Amino acid sequence: MNSQLIDQLRLRLGINGLPYEIPMHPKLVHLTLGLFILAILFDIAGAIFPIERPIFKFLGVSAIRSGFFDVGWYNLIGASVITFFTVAFGFFELILANPPTDQISAWGLNASMTMVLHGLGGILLLGAIVAMTVWRGLQRYHWRKNESRQVQWGYLLVGVAMFGILFVHGTLGGQLGSEFGIHVTAAKLIQQGANPSLLPK
């Protein structure tokens, strides 16, 4: 925990060691995940549309191939924008963290190493998502502007690979909260066998 920063900013920390009641980073993480995953899944749906078309026709669903690509594109833009806030809140909350020194995660890492890996991973993922947005934009507006399939297969493969990276990165973040109790006082109390409902309101 950076006590000098807290003093300079005149922060009043609450029960979870933050100047607000509930950590913001995990909430924003789920927005990033949801938007990015939907972006790739809708692009995949658009790419394999000729296979799906008879199913939609059988179900009486009127679907347009370009509609899938529109949803994929705008979700990816949303993921890029929100991820800047996700990473910013993540680093702010890491600075205010007070990691335990006597615990090891299920992956055999201590809290400090988990924080370092999660922080570096956040920056790399932000760069990767922005790079994929640029790549996707070039496909949409230049390279495949007149093609019925708006995305390259390589782009979709990279997107699916990103799912695995996001899973590993998200698990590290989850360990910080659930196993080390960073900014989650209730988790610490549960580990100690105490009743989290006794936390002051």
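User: In which helix does Arg 65 lie?

Analyst: This is a predicted model, in which local features need pLDDT of at least 70 and side-chain atom pairs count only at pLDDT 80 or more, while totals for chains, interfaces and linings use all residues. Residues are numbered from 1 along each chain as its sequence is written, and side-chain values use heavy atoms, with hydrogens and water left out. Helices (H or I, at least four residues) and strands (E, at least two) are DSSP runs numbered from the N terminus, and on that numbering Arg 65 lies in helix α4.

User: How many helices and strands does the protein chain have, and what percentage of its residues count as buried?

Analyst: Read from the N terminus on, the elements of the protein chain run α-α-α-α-α-α-α. This corresponds to seven helices and zero strands. Of the 201 residues of the protein chain, the part that counts as buried is 38%.

User: Which residue forms a salt bridge with Asp 43?

Analyst: A salt bridge is taken here as a side-chain nitrogen of Lys or Arg within 4 Å of a carboxyl oxygen of Asp or Glu, and the structure holds two of them. Asp 43 lies in helix α2 and its partner in helix α5, so the pair ties together parts that are 93 residues apart in sequence. The closest N and O atoms are 2.8 Å apart, and the partner of Asp 43 is Arg 136.

User: What is the N to O distance in the salt bridge between Arg 140 and Asp 70?

Analyst: Arg 140 lies in helix α5 and Asp 70 in helix α4, so this pair ties together parts that are 70 residues apart in sequence. Arg 140 is buried, with a relative accessible area of 13%, whereas Asp 70 counts as partly exposed at 29%. The side chains of the two residues meet with an N to O distance of 2.9 Å.

User: What is the volume of the largest pocket, and which residues are closest to its centre?

Analyst: On a 1 Å grid over the protein atoms alone, a pocket is an open set of points where a 1.4 Å probe fits, with protein on both sides within 12 Å along at least five of seven lines, and lining residues have an atom within 4 Å of a point. Grid points are joined across faces, edges and corners, and a volume is the space filled by probe spheres set on the points. The largest pocket has a volume of about 600 Å³. Of the 30 residues that line this pocket, the closest to its centre are His 25, Pro 26, Val 29, His 118 and Gly 173.

User: Which elements give two or more residues to the lining of the largest pocket?

Analyst: The lining residues divide into 14 nonpolar, 15 polar and one charged. In that division Ala, Val, Leu, Ile, Met, Phe, Trp, Tyr, Cys and Pro count as nonpolar, Asp, Glu, Lys and Arg as charged, and the others, Gly among them, as polar. The elements that give two or more residues to this lining are α2 (25-47), α4 (65-95), α5 (111-143) and α6 (153-178).

User: How far apart in space are Asn 98 and Gly 181?

Analyst: Asn 98 is found in the loop between α4 and α5, and this residue is exposed, with a relative accessible area of 53%. Asn 98 and Gly 181 are 83 residues apart in sequence, while their C-alpha to C-alpha distance in space is 9.5 Å.

Terms used. Buried < 20%, exposed > 50% of the residue type's maximum accessible area, 1.4 Å probe, protein only.
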